[in-house]
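Take a look at the fold below.

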Amino acid sequence: MACQSCSTSDGSAPKGCKNNGTCGTDSCNKLTVFDWLANMSLPNGEAPFDCVEVRFKNGRKDFYRNTEKLTLSIGDIVATEASPGHDVGIVTLTGELVKIQMKKKGVNPASNDIAKIYRKATQKDIDIWSEARDKEAPMQVKARELAIVHKLEMKISDVEYQGDGSKVTFYYTANDRVDFRLLIKDYSRVFNTRIEMKQVGLRQEASRLGGIGSCGRELCCSTWLTDFRSVNTSAARYQQLSLNPQKLAGQCGKLKCCLNYELDTYMDALKGFPDFETKLKTEKGDAVCQKQDIFKGLMWFAYTDNFANWHVLNIEQVKEIIAENKQNRKVSSLEDFAIETVAEPEKDFNNAMGQESLTRFDQPKKNRNKNRNKNKNKVASTGATPENKPNKPQASEPKANRPQAKPQNQGQPQNQAQADGNVNKPKPNKKHKHRNKKPNNNKKDENKS
């Protein structure tokens, strides 16, 4: 939304116009036409064109004659002629471009059947119009319920009130003809107003309702596409697309209109190609085409008795073989004309633009635990803590690997045993003192005496 009523005020969240595409600045409209002649003035003595384009709900547009010589500009709300009563719409185009639009849609500007504009809408007209628009959503739900009760195979796709609230138009889609005479009686009894039923196609329904296509953009039929051309599956075949109905079908359930956009370009490129059904006659047997590459000008052929092996040929080589076959001569084999294709290296699109991953600093929990265990093992093997202090030797390490503590007074014996050279004698085990004790013979001699 580009209009002022839909813009943000403080940069936090959009206010929203809540007009459902009927805002006065005309930026929410569908199928709008840019008036590139708005800044150009008419020649002297030239009267402005007296017809204008008016839009109603969901892109419904019509042309009206400005018989009252009103000063109208794009975005003005006007009351137009209707049967019965009057309707309310928004002016979407004025000036000389209206002639081009009328010619495009096959409307004669000099015709007397063109309806006229009564006046600019007053505040009372706008209030009645807005109240009627608020009734459309609950009315559509009730209308669908009544259609289900009558067991009619139809879908009420949209409901549109006339500007003065005197008539309601129900747009529906159906595969076959539907007898809705009893349904109209129930509608008029429940809604207490004049009822009109209009059947639309599936593509017209999608253009009225709008939506987002598989390409991520708004539907072409609801933004700029005005004519619906027939789309065949041959368009997908010429472009070598997979004939998958789920991928080729649009939001309306029909084939996508964009299949025709590049079809002419493909048709021009295929003019230089031999016929896809052409058979090449060789001494090894007949060969049929399996695949085409329009952009590289290549064709893949395979023998009828061996479809597993394909041979790549240029268009010129294929034409040369066809010319030989027309003279009732067979070439030796396709291998003589085949091109040796070099396998392209696999492309890594994970970092195609040189962007680094946002999660490059994140580590899973398992890796963190592994890193912690590695650090502990390093500290245990070196015997140094992060503060570079010596650790006590662990019991699991052998004695030879244990770091020996330096004596406090270097160069001086601590006791007499060290002075005698008994420094390296093992100390007695404290847990088993009774095993290491020697019998005292002196005490036994004293007892005997």
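**A strand and its surroundings**

Strand 1 (residues 51–55) is largely enclosed by the rest of the structure, because 5 of its 5 residues are buried. Buried means under 20% relative accessible area with a 1.4 Å probe, protein chains only. Strands (E, at least two residues) and helices (H or I, at least four) are DSSP runs, numbered from the N terminus. The model is predicted: local features need pLDDT of at least 70, side-chain atom pairs count only at pLDDT 80 or more, and totals for chains, interfaces and linings use all residues. Residues are numbered from 1 along each chain as its sequence is written, and side-chain values use heavy atoms, without hydrogens and water.

In a regular strand the side chains alternate between the two faces of the sheet. Both faces of strand 1 are covered. C51, E53 and R55 are buried on one side, V52 and V54 on the other.

Now the partners. Two strands pair if DSSP finds at least two bridges between them. Strand 1 pairs with strand 2 (residues 61–65) in the antiparallel sense, over 5 bridges. Here V52 has Y64 as its bridge partner. The hairpin of these strands has 5 residues between them, and N58 takes a positive phi near 55°. Strand 1 also pairs with strand 4 (residues 86–93), again antiparallel, over 3 bridges. There V54 stands opposite V91.

Conventions. Buried means under 20% relative accessible area, exposed over 50%, partly exposed in between (1.4 Å probe, protein chains only).
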